[in-house]
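I am opening my notebook on a new structure.

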Amino acid sequence: MEQFTIPNKVKRWSMIFMAIGGLALIMGIASLFMAGDEHAHHHAVARFWSNLLINGFFFFGIAACATFFMAVNYAAESGWWVVIKRILEAIGSFMPYGAVALFIVLIAGAFHMHHLYHWMDASVYSDFMVKTAEGITYYSEPVEGAIVNPDFDEIIAGKIAYLNVPFMIIRQLLIMGGWIYMWKRFRTRSLEEDLGFERGRHFKNVRDSAIFLVAFGYPISTFVPWDWIMSIDTHWFSTLFGWYVFSGLWLSAMIVAILMVVWLKSIGELKEVNDSHIHDLGKWMFAISFLWSYLFFSQFMLIWYANIPEEVTYFQARINAYPLLYWGMFFVNFIFPMIALMDRDKKRNRMMLTIMGIILFCGHWVDVYMLVTPGTMKQHGYIGLLEVGMAIGFVGLFAFVITRTLAKAPLVPKNHPFFDESVHHEIH
Amino acid sequence: MHKESEIRYPLIIGDKTYHQITEDVCAPVEGRANKLWYVCFTIAVVVALWGLGCIMYTVGRGIGVWGLNTTVMWAWDITNFVWWVGIGHAGTLISAVLLLFRQKWRMAINRSAEAMTIFAVMMAALFPGIHMGRIWMAYWVLPLPNQYGSLWVNFNSPLLWDVFAISTYFSVSLVFWYIGLIPDFATIRDRATRIIPKSIYSILAFGWSGKAKQWIRFEEVSLVLAGLATPLVFSVHSIVSMDFATSVVPGWHTTIFPPYFVAGAIFSGFAMVQTLLIIVRKVVSLESYITRKHIESMNIVIVITGSMVGIAYLTELFIAWYSGVEFEQYAFLNRATGPYWWAYAMMMTCNVVTPLIYFVEKVRKSIVISFIISIFVNIGMWFERFVIIVTSLHRDHIPSNWTMFHPTFVDIGIFIGTIGIFFVLFLLYARTFPVLALNELKSILKSSGDNYKKQQH
């Protein structure tokens with residue numbers, strides 16, 4: 001069976017992108033040491049680690065959601081998608097890299113190398129403190145010579161049973177490890193299937209995908225967005241937050257899949273993919289854009305309408321300090337796909353899908369940026385060289401990893417039981 | 001060329017031909033009703049009359065005859081309203097969303113599901129109507145120019161958005177249902193021998209002749225309506241949820257409400273479709289078309305939406321603790337352990353726990369268990385609305401206001417009565433309408449019919 005080889009051009013560009021990312025990384029680290037005063041130092045620290053968190057979360061989420069979409073198709077017994085299955089598998093292979101980036105942020109936070117997560121600070125959740133010449137130590141009990149901690153934050157202290165480093169490490173290791181392990185199982189069986197079709201193996205994948213949907217569905221609605229993102233604004237809470245974040249990541253995963261398909265077709269690969277497949281992918285992009293807009297609106301409107309201080313400060317922080325970026329992000333992500341992709345022919349037009357894909361991909365990166373930055377940097381964040389450089393670096397690494405996975409197996413799984421259906425897929 | 005994998009289950013069982021499909025589907029319309037139908041119909045009529053009596057009593061005496069009090073000023077009325085609207089979601093979901101997803105199994109169930117939707121939305125609309133007290137002024141919910149100075153509806157109120165959302169949804173669902181019926185009415189018209197049925201069905205069939213051009217238009221319109229109806233499925237229950245979520249009442253104001261209500265609506269709607277179709281397939285002998293595979297597919301939708309609802313329950317519960325807001329925390333503590341703990345337990349068991357057994361394939365395919373679970377879900381989803389509404393109200397910010405809600409015979413009568421009216425309409429439908437989309441069903445006979453599949457492989 002024909003193996004796919006990565007074109008040199010792609011290898012070269014992913015290297016260049018990674019080099020740019022490396023430069024940005026060095027620049028970011030250097031800025032930590034070159035800051036003039038304490039204020040500038042805090043700024044540099046928050047900026048650098050926010051960037052790692054934004055990109056780690058965004059690209060990890062894309063990889064996880066691609067695996068989710070694969071599981072959805074297995075569980076729903078859909079047929080059309082088989083010829084793009086290997087692409088989804090390849091995107092999923094980025095999960096371990098994204099997870100490493102996220103865990104670096106988490107561990108660094110635990111060692112107080114940054115203060116993205118306010119709740120990691122003993123100074124906010126301890127009732128008492130002892131001041132000595134060496135510094136301040138915090139206690140939950142009134143020990144000898146202790147005074148009441150003036151920075152004590154009752155709300156954060158109330159959340160410490162959930163928001164504490166050991167618990168977060170345990171649950172995130174279990175969740176992310178579980179997803180990566182499930183991806184491995186799908187992948188192994190998928191590659192085995194290339195050697196010959198066997199009913200049992202296919203149905204094992206179907207069963208596993210049902211398990212994955214549960215193992216993915218619960219945490220992506222809850223712990224994953226809450227821990228990594230929502231806990232930055234420690235006081236704030238929103239029950240819809242999980243689904244909102246998930247919808248944006250899912251859309252981004254679909255966009256990556258579309259861009260990969262269009263690119264592979266343009267270099268003469270993936271002959272089995274026809275206009276109907278492209279059309280269906282375009283529909284997904286269109287539909288999930290609406291899903292995301294719907295969830296954005298639901299969350300925003302209810303908080304705006306009720307206007308209670310516990311909640312509304314979250315949007316004030318975004319709208320007051322970043323009006324253009326925030327509303328721009330929403331209108332681009334909502335209006336652009338609605339206008340550009342409503343028409344049937346546009347969903348089959350590869351040029352249009354590429355342009356919209358790139359715009360929306362950037363739009364949803366900005367969405368994640370807006371989820372993080374106002375919480376970590378207040379009104380002082382901006383998209384500068386560091387942000388762009390690190391994002392480019394992640395794109396390079398992402399492209400490098402997924403093309404390498406693609407090259408490890410034939411581009412189409414010929415023995416999949418729905419392969420024939422997929423090849424003969426035709427819609428109008 | 002269309003291909004179908006050999007591992008797909010057949011959707012039409014038995015040795016059916018095109019003609020046999022027509023015969024099977026038209027039989028209940030053309031033949032005489034059996035005894036069972038008359039028994040069911042009589043019971044439904046009696047219950048409906050009791051309900052109508054209670055409604056008239058309410059209109060005559062005012063809503064003081066309900067169990068409402070100053071603290072719990074919303075109870076069964078809005079519970080029943082939300083319950084019926086929720087049930088009304090499955091039909092359009094099946095006809096629109098499953099059409100967009102090209103799910104062939106929808107063809108055997110979409111007709112009845114849509115009929116159910118129409119009747120359920122009618123039952124739902126009844127409640128805000130009678131809750132107004134002066135039902136003859138019901139048209140005031142519409143923003144009509146009037147002679148009373150600037151007397152307008154409150155555009156800021158989600159209750160008004162409900163009026164728009166539900167009336168739009170009802171109109172689109174009705175049109176969708178009717179368009180689908182046209183070719184099948186024509187089939188009945190062509191087969192009718194007596195003059196009166198023939199003339200009625202020929203009016204209903206809009207002069208359909210089955211030309212290729214008509215089918216092209218038919219498919220185009222279906223697709224356009226599906227595209228319009230899909231956002232409507234989302235909008236209706238989102239807006240219903242906003243009746244609560246735009247307020248600042250603990251337990252009501254939470255951002256997850258819109259998508260969680262939509263998931264719950266689809267969940268309860270599918271449960272009702274399941275309840276009805278398991279009966280219908282037996283009573284009018286359509287087991288070859290509404291197969292175990294269909295029931296299994298609906299069960300899968302039930303377990304997925306049930307799990308989404310479950311996530312939402314647990315998210316609310318957790319975030320209430322996490323928020324650190326004491327009112328929020330108390331609202332949920334009171335729900336789970338207060339005097340209405342039994343309603344909360346009912347909701348949790350019926351909606352979250354019992355559907356989980358559908359993860360076992362054998363259970364999903366069992367018709368008896370599917371029927372039982374579907375009843376559980378119907379009950380559980382009623383209790384969900386009751387829990388949301390009554391437990392959030394009965395203990396408000398002033399403890400001296402705290403009280404309980406006790407329904408009167410009128411509350412109960414109206415609720416049971418709407419179930420009776422619903423069944424009267426549905427039973428009449430089952431005798432006069434083609435309960436399956438028979439002409440559409442023929443389009444999948446050669447790809448998904450049991451006999452044709454056997455020939456191929």
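**Entry 1: the model**

I note at the start that this is a predicted model. I keep that in mind for every value I write down.

**Entry 2: two domains in chain A**

I looked up how chain A is divided. Domain 1 covers 8–117 + 164–423, and domain 2 covers 120–163. I then checked the distance between their C-alpha centres, and it is 37 Å.

Next I asked how many residues each domain gives to the contact. Domain 1 of chain A gives 17 residues, and domain 2 of chain A gives ten residues. The area buried between these two domains is about 1200 Å². Carbon and sulfur atoms give 58% of that area.

Which residues of domain 1 of chain A lose the most area to domain 2 of chain A? I found Asn164(A), Thr234(A) and His235(A). Together they make up 43% of what the domain 1 side buries.

I looked for charged and polar pairs too. Between domain 1 and domain 2 of chain A I count zero salt bridges. Polar contact does occur there, with ten residue pairs across the interface. On the domain 1 side, α4 (95–110), α7 (165–193) and α9 (223–228) of chain A each supply at least two residues. I sorted the residues of that side by type: eight are nonpolar, seven are polar and two are charged.

**Entry 3: chain A against chain B**

Now I turned to the two chains. Here 51 residues of chain A are in contact with 42 residues of chain B. The chains bury about 3900 Å² between them. Of this, 68% is on carbon and sulfur atoms. In chain A, Thr239(A), Trp243(A) and Leu302(A) lose the most area to chain B.

How many salt bridges cross the interface of chain A and chain B? I found three. In one pairing, Arg8(B) forms a salt bridge with Glu421(A), with the closest N and O atoms 2.7 Å apart. I also count 15 residue pairs in polar contact between the chains.

I wanted to know which helices of chain A touch chain B. Those that each supply at least two residues are α6 (154–158), α8 (199–221), α11 (275–306), α12 (309–321) and α17 (419–423). Helix α11(A) gives the most, with twelve residues. By type, this side of chain A has 26 nonpolar, 15 polar and ten charged residues.

**Entry 4: inside helix α11**

I stayed with α11 of chain A and picked Ser293(A), which lies in this helix. Is Ser293(A) buried or exposed? Ser293(A) is buried, because its relative accessible area is 4%, under the 20% cut-off. Leaving out residues up to four places away in sequence, I see Ser293(A) touch Phe330(A), Asn333(A) and Phe334(A).

The same helix α11 of chain A holds both Asp280(A) and Lys283(A), three residues apart, about one turn of the helix. These two form a salt bridge, with the closest N and O atoms 3.3 Å apart. Asp280(A) counts as buried at 4% relative accessibility. Lys283(A) is partly exposed, with a relative accessible area of 27%.

I counted salt bridges over all chains and got 32. I opened a few of them.

Asp233(A) pairs with Arg318(A), with the closest N and O atoms 3.4 Å apart. Asp233(A) lies in the loop between α9 and α10 (241–266) of chain A, and Arg318(A) lies in helix α12 of chain A, so the pair ties together parts that are 85 residues apart in sequence. Asp233(A) is buried at 17% relative accessible area. Arg318(A) is buried as well, at 1%.

In chain B, the side chains of Asp190(B) and Arg189(B) meet in a salt bridge of 2.9 Å, N to O. Asp190(B) counts as exposed at 52% relative accessibility, whereas Arg189(B) counts as buried at 14%.

Technical notes: Residues numbered from 1 in each chain as written. Chains lettered and ligands numbered in written order. Predicted model: local features only at pLDDT ≥ 70, side-chain atom pairs only at ≥ 80, totals over all residues. Heavy atoms only, no water. Domains from an automatic or database assignment. Contact = heavy atoms within 4.5 Å. Buried area = accessible area lost by both parts, 1.4 Å probe. Salt bridge = Lys/Arg side-chain N within 4 Å of Asp/Glu carboxyl O. Polar contact = N/O pair within 3.5 Å; in protein donor to acceptor, adjacent residues only side chain to side chain. Helix = DSSP H or I, 4+ residues; strand = E, 2+ residues; numbered from the N terminus. Nonpolar A, V, L, I, M, F, W, Y, C, P; charged D, E, K, R; others polar. Buried < 20%, exposed > 50% of the residue type's maximum accessible area, 1.4 Å probe, protein only.
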